[in-house]
Amino acid sequence: MDFGFSTFALVAFVLVAAVVGIVYRGRRVRERRLRELLDLADAVQILLARASERMTAWRSVVGRLAGDLGSGAQQALDGEPLIREAKRDLLQHRLWIQSNGLRATRLELDDARAALQRAHNRLAEQLAALESAGDALTQATDAAHEAALREPASLRRATDGEGPQA
């Protein structure tokens, strides 16, 4: 019997199996990272939708503010530069994923994920601040509106089509 060939065949088989295992594992890791990147992009998109939703809801609150305060707040909501910028960044990330995701190295995927995570964190912080400011604005306008309703009709300011009673 020739143990040399059998040993060689066994070693070759083990090496091929190890290489296949390493390639398979690397592919699974890469697919997981790509899936995480896509999930994170979806999370950013959900935050953007929520921010847009909140800004739309606050437009009615801002509409109740009188004078310069109301027009200044309305301009802040109408501009929405942060939302537009974040949507543009998200689109750039999605285009990069589409163009490079399948052939990107694990390091490139990790870098892309880190950049998208920073954008997500920044947007989440801004949304939290916006939520807090919006809640405070709602409380303030509700209180001012209630106070105005307690005034005698002859002293009321002209708001919502109501004018002073003469």
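Predicted model: local features only at pLDDT ≥ 70, side-chain atom pairs only at ≥ 80, totals over all residues.
Modeller: Local features need pLDDT of at least 70 and side-chain atom pairs count only at pLDDT 80 or more, while totals for chains, interfaces and linings use all residues. Residues are numbered from 1 along each chain as its sequence is written, and side-chain values use heavy atoms, with hydrogens and water left out.

Biologist: Which residues does Leu-116 contact, leaving aside neighbours within four places in sequence?

Modeller: Contact means heavy atoms within 4.5 Å. By that cut-off, the partners of Leu-116 are Leu-37, Leu-40, Ala-41, Val-44, Leu-90 and His-93.

Biologist: Is His-120 buried or exposed?

Modeller: His-120 sits in helix α4. Beyond its neighbours within four places in sequence, His-120 contacts Leu-40, Ala-43, Val-44 and Leu-47. Buried means under 20% relative accessible area, exposed over 50%, partly exposed in between (1.4 Å probe, protein chains only). His-120 has a relative accessible area of 17%, so it is buried.

Biologist: What is the N to O distance in the salt bridge of Glu-36 and Arg-32?

Modeller: A salt bridge is a side-chain nitrogen of Lys or Arg within 4 Å of a carboxyl oxygen of Asp or Glu. The whole structure has 4. Glu-36 and Arg-32 both lie in helix α1, 4 residues apart, about one turn. Their N to O distance is 3.5 Å.

Biologist: How many residues apart in sequence are the parts that Arg-33 and Asp-110 tie together?

Modeller: These two form a salt bridge, with closest N and O atoms 3.2 Å apart. Arg-33 lies in helix α1 and Asp-110 in helix α4, so the pair ties together parts whose separation in sequence is 77 residues.

Biologist: Which residue forms a salt bridge with Arg-94?

Modeller: Arg-94 is partly exposed at 26% relative accessibility. The closest N and O atoms of the pair are 2.7 Å apart, and the partner is Asp-42.

Notes
Helix = DSSP H or I, 4+ residues; strand = E, 2+ residues; numbered from the N terminus.
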